[in-house]
Amino acid sequence: MDKARGWYNTGTQCLTSSKEIKTRAGLITLIGAPNVGKSTLLNQLVGAKVSIVTHKVQTTRRRVHGIVICNNDQFIFVDTPGIFESRRPLDHVMVNKTWRQIKNSDVVCLVIDSAKGLKGESEVILRKISCIKLPKILLINKIDRVKREKLFQLVINANEYTYFDNTFMISALNGDGCKDILNHIRNFLPVVPWLYPPNQVSNVSQRMLSSEITREKLYLCLHQELPYSARVEVECWEEKIDGSLKIDQTIYIERLSQKRILIGNKGKTIKRISSMARKELSELLKRQVHLFLLVKVRERWVDNSEPDPEMGLSFLD
Ligand SMILES: Nc1nc2c(ncn2[C@@H]2O[C@H](COP(=O)(O)OP(=O)(O)O)[C@@H](O)[C@H]2O)c(=O)[nH]1
Ligand SMILES: [Mg+2]
């Protein structure tokens, strides 16, 4: 929602024994260098897959809202594309959007990969956020991979760049320390009605999530061979009488050579991608899914400066 600021009347503000129940709600933006674990954390907090996770950088393109309800409060975590040095027009738009998103939120959480430390993009971001006046929380992630002594030094170093209201040591992968974050963030959320209906876990439609899941499997199966520009579109979403779902998707890539890699010898690679995506979609949607993938070459769409409404990106604002 940029609907997000249009309140949703949950009924939780009704009077019970003449005492008003106060609800809180707000936007918490997750920022950090690519690959630090923002999407993993979002999924961990929500308790469901709402954002795709890969080892490959720059996979989150849309602003995904993951909604967590705890007691009377609604936490809307916003997963952002990583803040990275922008080279292409699309990157530039994503970075600008991310900074605007930060300014619209109630709390900012900076995620750091403890195994990588502060060098590179994390350091650049630390410098940039020092001027942000919002409550800031430092999340030291991937603690399952690092010795304790190193973690404390990392916190000291990060705090030299800017003031953080609090620091949490977490493992987004196994959930260690993640729930504690909510109790602290709650204090920074305004007392307002909830922004989303109580049963909604994300702003991502099932159609959108289905194309994201296929994109995730593309990266998993092709590693370095496919640039992050590959794009998946849903062409057809058909509910069958027997309760199953037929989904046709087209994978757009930039070059013919990528098409050969993607399809693989005797179609082996694309079949594997399709089978992995179908399996996960069936589990998520709790029904049988028939997934059909088509590969098409559409040259250099990443450099195309047309606004892309599907991704919520625009060059105009
Ligand atoms: N060991 C470990 N790996 C993690 C943890 N959190 C994320 N990862 C891995 O880091 C990679 C990038 O995660 P992702 O959530 O996509 O990062 P993002 O680019 O910041 O959204 C994936 O391979 C995750 O499985 C963690 O707490 N521990
Ligand atoms: Mg991500």
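Analyst: Start with a definition. The expected span of a helix is 1.5 Å times one less than its number of residues. The model here is predicted.

User: How do you know that the length of helix 8 agrees with that rule?

Analyst: Helix 8 covers residues 268-285, which is 18 residues. The rule gives 26 Å, and the end C-alpha atoms are 26 Å apart, so the two agree. After the helix comes K286, with a positive phi near 55°.

User: Which residues of helix 8 are called buried, and what makes them so?

Analyst: Buried means under 20% relative accessible area. T269, I270, I273, S274, A277, E280, L281, S282 and L285 are the buried residues of helix 8. An α-helix has 3.6 residues a turn, so residues three or four places apart point the same way.

User: What covers those buried residues of helix 8?

Analyst: Contact means heavy atoms within 4.5 Å. The cover includes helix 6 (206-222) and helix 7 (256-263). It also includes strand 9 (231-239), strand 10 (245-253) and strand 11 (289-297).

User: Why are strand 4 and strand 8 called edge strands?

Analyst: Six strands form an open sheet, ordered 4-5-3-6-7-8, with mixed pairing. Strand 4 (64-70) and strand 8 (166-169) each pair on one side only. The twist averages 25° from one strand to the next.

User: How do you know that strand 4 and strand 5 pair?

Analyst: Pairing needs at least two bridges. Strand 4 and strand 5 (residues 73-79) have seven, in the antiparallel sense, so they pair. In one of these, I67 has I76 of strand 5 as its bridge partner.

Methods
Residues are numbered from 1 along each chain as its sequence is written. Chains are lettered from A and ligands numbered from 1 in the order in which they are written. This is a predicted model: local features need pLDDT of at least 70, side-chain atom pairs count only at pLDDT 80 or more; totals for chains, interfaces and linings use all residues. Side-chain values use heavy atoms; hydrogens and water are left out. Helices (H or I, at least four residues) and strands (E, at least two) are DSSP runs, numbered from the N terminus. Buried means under 20% relative accessible area, exposed over 50%, partly exposed in between (1.4 Å probe, protein chains only). Axes are lines fitted to C-alpha atoms, for helices over the stretch in contact, and angles run from 0 to 180 degrees between N-to-C directions.
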